[in-house]
Amino acid sequence: MTVYFVLCAAYASAIRRKNFHLLYPIQLLSQGMIATVVSLESGTLPIISWLGVLSAVSGAIILLNHFLRGKPHSREIDPLPAATVYDRPAGPTIANLPLPVLTADSQGIILEGNDAFASLVQVAAPAGKPVTDFFIPGEDSVSLGNKEFAIFKAPLDDLFFFALVELPEQRKKPASTGGVIALHDPVTGLYSPEYASIRIPEELNRAFRYRRWLSGILLDVEFTYIPGLNYQEEKENSFLEAYSAFVRSTIRASDMAFYLGDRKILILLPETPQQGAKDASLKLLDLPDSLQELKKTFPFSVEIEYGFVYYSGNYPMTKDQFLEKLYSNLEGTLE
């Protein structure tokens, strides 16, 4: 929005200075930016975002071409004396440091990253990229390259200096399990709650880093007994097992289904907009004939509540915030 208002001011200035040839490219750039951001946030069709990108890039190229033509060629400018280029104080630089380190300007744009950092993030030239492409400056730690690092930040003149220090091995493993985590739930065959606590933050970080869509679906299976009827765990588990098998066979290969406990199932859908999450939710409530017949054999009624949430990837989100939105959106019911 800041850039958009700056472009609006430039548009007004061009009118005042009678530079009418600049109005069209400024419109292309500003309207393209708005179309791209709004479409990504609202989860519309990808073609809308690409049209916005095309408009913004076209306007930027026209403006750049205009200003470059008005400047003298760089060949006509005498080069600076060699002493001013290489006259630097002797001493260590960040390139010599063994830790992954980088410097960034006040806008969060990387000015320099050493070889250790470039190797860690697997980007040959991180300079010029936003710091948020790799980690959130306000956080204390980050997971990169299957390793967990503490983030240290310090001001450096008008810049910022970041250093990543790998955490000890004991900090990475859950103390309650000794580092051993069950991958699947034994009753449902879905991914376990312990694995969900690891995978959900990873998918959220990936969506935020690459500005990708991520949607989630929460299914809540409820059993209602006739008064006086005893609790029947075996029959409940039989339905959960059958319904979980239906969920696994219905979702895409790229989707992930987790059993959170208390008869609740979470499904993560990468690269899925809001409408796609809604369609997938309704598909999971359309039970096949085999499950419909199984429900009739139970001495209790079965209800399935559902809710879904869409995350655009344009702002940071924690696992707790993601789950809180899912639980608050539980509204639809299938009986």
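Predicted model: local features only at pLDDT ≥ 70, side-chain atom pairs only at ≥ 80, totals over all residues.
## Ground rules

Local features need pLDDT of at least 70 and side-chain atom pairs count only at pLDDT 80 or more, while totals for chains, interfaces and linings use all residues. Residues are numbered from 1 along each chain as its sequence is written, and side-chain values use heavy atoms, leaving out hydrogens and water.

Let's start inside. Buried means under 20% relative accessible area and exposed over 50%, with a 1.4 Å probe and protein chains only.

Leaving aside neighbours within four places in sequence, L219 is in contact (heavy atoms within 4.5 Å) with residues including Y243, V247, I267 and I304.

## Helix 8 against helix 10

Helix 8 (residues 233–250) and helix 10 (residues 289–296) have axes that come within 11 Å and cross at roughly 170°. That makes the two helices roughly antiparallel (an angle over 145 degrees). Helix 8 brings S238, F239, A242, Y243 and F246 to the contact, and helix 10 brings L291, L294 and K295.

## Two sides of helix 11

In helix 11 (residues 319–328), F322, L323 and L326 are buried. They fall within an arc of 90° seen down the axis, so they line one face of the helix. On the other side, D320, E324 and S328 are exposed. Helix 7 (193–210) and strand 6 (214–225) are among the elements covering the buried residues.

Notes:
Axes fitted to C-alpha atoms, helices over the stretch in contact; angles between N-to-C directions. Helix = DSSP H or I, 4+ residues; strand = E, 2+ residues; numbered from the N terminus. Parallel < 35°, antiparallel > 145°, perpendicular 65-115°, else oblique. Arc of directions from axis to C-beta.
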